[in-house]
Amino acid sequence: MLKSLAGIPVLGTVWFAGAKLTTSAKQEKQFLLETLNIKAAAPPPTGPMTGNPIRLGIIGFGIRGEQLCRALGFATKQWLADMKAAAEKNPNDTRLKEFLDQENLNIKITAVCDIFDVNAERVIDSFSTPENKVKRYATHKELVSSGDVDAVAVPTPDHWHAPIAMDAINAGVHVYVEKPMTHNVSETYALRETVRSNPKIVFQVGHQHRQTQSFLTAMDIINKKTLGHVSLVTTNTNRNDDNGAWQYDIHEKASPETINWDMFLGNAPKVPFNKEHFFRWRKWWAYGSGLSGDLLTHDYDRINCLLKMGIPASVMASGGIYTHRDGRNVPDVMQVNMEFPDFSTGGSQEEGKEKGMTFVYSATLGNQFDRGTYLMGHDATMELGNMISIYADARSTRFADMIKDKRIDPSVPVYQYNPMANATDAVTSATAKYFANKGLLWTYRDGKRVDSTFLHMREWLSCIRNGGIPSCSINEGFQEAISAHMAGLSYKLGRRIEWDKESEKIIAKPGEDLDAALLSSGDKVVV
Amino acid sequence: MKPSHFSAGQNNSLIFLRILIGWHFLYEGVLKLYNPAWTSKGYLLSASFLKPFFTWISGDSFITVVDTLNIVGLIAVGAGLILGLKIRWACIGGILLLALYYLAHPPFPGLEQGPAEGSYWIVNKNLIEMAALLVLYQFPSYVSFGIERFFNRKKTETANG
């Protein structure tokens with residue numbers, strides 16, 4: 001009988017070993033978390049959407065315009081039909097459900113201005129209701145002064161951002177403008193002046209990643225000085241598809257009869273009607289801003305919202321048109337180094353040893369290997385995306401004892417934050433995945449996927465209704481635009497571009513016209 | 001219960017195999033029991049075979065039940081095999097659990113293989129462990145190491161008495 005009970009000690013031993021291992025691993029993890037003391041910060045509160053509906057005008061209903069309208073709760077009939085079909089085909093495709101579940105922002109789209117008839121008609125056809133017929137305006141000036149709108153969204157080509165925003169503000173209309181905030185240096189100052197002299201106007205630049213939950217957590221990590229002195233930040237763009245290289249579709253109905261070509265050109269050089277320029281405007285400096293204005297701005301603002309490092313003391317950039325030699329004049333491969341010699345995130349070593357940081361942006365439109373964003377400090381490295389991972393540095397001062405005691409393994413993250421735990425995603429394309437990982441498509445609130453553009457526009461609408469200043473207003477937009485223009489100028493002029501902090505001016509050589517150089521049609525300006 | 005016709009070496013080998021498999025099941029179960037964050041959701045959602053079924057049982061309405069059943073199953077099978085209690089039921093339970101693990105990520109050609117510590121084609125360790133449990137089912141080894149022997153003897157004595 002004793003022999004038959006011999007299994008009990010085996011059972012007890014295995015049970016004890018399993019329980020002990022799990023419990024001590026838990027305690028060790030708890031100890032690390034308490035040491036790091038990182039709190040997943042709550043999102044900034046935004047107020048209720050009650051009261052009279054805000055009357056909104058949409059100026060530009062292209063790819064981005066359509067996305068902004070969806071974030072506001074307005075999808076075209078075509079999109080709804082496409083998403084319904086997609087959801088029937090793939091039950092994991094929840095885009096339609098998420099759109100329908102989105103909170104009602106209590107707005108009315110009352111007006112549209114789009115210089116391509118097809119786009120304007122799509123808005124009128126899809127968003128008009130029996131009691132609210134969307135009215136089309138031939139020009140943005142007529143729209144903002146019509147008295148029919150309280151606020152406008154401005155997802156136009158870059159060269160129209162500032163002119164439209166300023167006209168709207170001067171007409172007393174709130175503005176949500178897409179990035180980059182401006183297209184050249186001088187209008188950056190003019191727009192700042194306009195916003196500052198109209199304090200009642202709520203102004204937001206469309207850097208929606210500021211709403212990303214992981215960025216709010218990353219802010220806490222920086223504030224707790226977890227990384228030590230950050231000397232290098234590396235960011236990048238890697239894309240390898242036509243959509244990512246701005247080769248957008250050209251609509252079959254595009255013609256001089258359906259497009260107001262002179263209005264499209266605006267302040268750009270006069271050229272004959274050109275469908276490619278109209279639909280693929282990001283490929284030319286005359287209307288767009290290339291990698292520095294289009295995509296660097298995302299990465300710069302992501303880091304600026306964490307570190308608040310402001311405008312760099314100097315910028316050097318290089319690159320060329322190496323992957324899409326199709327007549328474009330903006331670079332498709334670009335490397336930008338921004339210097340912040342006086343900046344510090346705070347260090348763990350003796351006073352005065354550490355100061356200064358370089359921000360690197362490295363981009364190609366001919367390869368989509370995911371390189372990740374890294375904030376590299378003396379004590380730790382943070383990998384930043386929709387997820388956050390922190391790795392202690394093997395030579396860290398702060399973690400030296402814990403590494404020696406083998407309580408921290410530098411090759412394993414000491415901290416990982418995954419707001420999408422328990423959520424599954426049906427990511428649709430390589431470009432979508434790229435944007436999603438940068439927090440540009442969606443984020444998570446209480447484990448639920450939310451469109452970050454929706455949150456960003458909601459914040460803007462809340463400030464209009466309840467007061468307050470949005471998270472990406474004129475100061476943040478000014479820093480973004482100037483930094484991007486410095487990068488563009490360095491690329492064009494082939495030299496280091498410096499910022500005079502005292503006078504708040506980009507330093508130009510005598511007789512040099514920075515705006516002319518930045519927007520010149522040549523790939524690089526020969527000096 | 002029939003008396004064993006195996007030699008001592010045969011019998012002890014079977015007992016040894018039973019204890020090892022029981023050990024493996026029990027340890028997996030205990031680790032999961034003491035880790036409240038553990039869930040099979042990721043394993044089920046990443047299934048490369050019978051995807052609709054595994055996605056269905058990993059849904060919000062089922063997953064808690066699935067996780068609990070898995071932990072209880074692992075511990076019950078493990079304890080049964082180690083103690084020699086309800087061995088045949090433990091073998092069946094173990095085979096069912098292993099079949100689910102096997103079918104979610106089978107090493108079939110053409111299917112995506114997750115991280116593994118070896119190289120497998122159709123046959124992997126789950127399948128071999130299932131076969132070993134089948135052997136134990138066919139050649140019950142309660143005789144010299146297990147509580148069941150105690151109960152059996154008692155039953156026999158009662159019957160005789």
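**Chain A, term by term**

Biologist: What percentage of contacts in chain A between residues at least 6 apart in sequence join residues at least 24 apart?
Modeller: The share is 73%. Contact here means heavy atoms within 4.5 Å.

Biologist: What are the ground rules?
Modeller: This is a predicted model: local features need pLDDT of at least 70, side-chain atom pairs count only at pLDDT 80 or more, and totals for chains, interfaces and linings use all residues. Residues are numbered from 1 along each chain as its sequence is written, chains are lettered from A and ligands numbered from 1 in the order written, and side-chain values use heavy atoms, without hydrogens and water.

Biologist: Why is A:Thr76 called buried?
Modeller: Buried means under 20% relative accessible area; over 50% is exposed, and in between is partly exposed (1.4 Å probe, protein chains only). A:Thr76 has 3%, so it counts as buried.

Biologist: Where is A:Thr76, and what does it touch beyond four places in sequence?
Modeller: A:Thr76 is in the loop between helix H2 (63–71) and helix H3 (77–89) of chain A. Helices (H or I, at least four residues) and strands (E, at least two) are DSSP runs, numbered from the N terminus. A:Arg122 is 46 residues away along the chain, with 7.1 Å between the C-alpha atoms.

Biologist: Which elements do the buried residues of H8(A) pack against?
Modeller: Among them are helix H7 (158–170), strand E6 (203–205) and helix H17 (474–493) of chain A. The buried residues include A:Tyr189, A:Leu191 and A:Val195.

Biologist: How do you know whether chain A matches a compact globule?
Modeller: The radius of gyration is taken over C-alpha atoms, and the globule rule is 2.2 Å times the number of residues to the power 0.38. For 527 residues the rule gives near 24 Å; chain A has 26 Å, which agrees.

Biologist: What is the strand order in the open sheet of 10 strands?
Modeller: The order is E14-E13-E12-E11-E7-E10-E9-E8-E17-E18 (chain A), with mixed pairing.

Biologist: What makes E14 and E18 of chain A edge strands?
Modeller: Two strands pair if DSSP finds at least two bridges between them. E14 (415–417) and E18 of chain A each have a single partner strand, so one side of each lacks a neighbour in the sheet.
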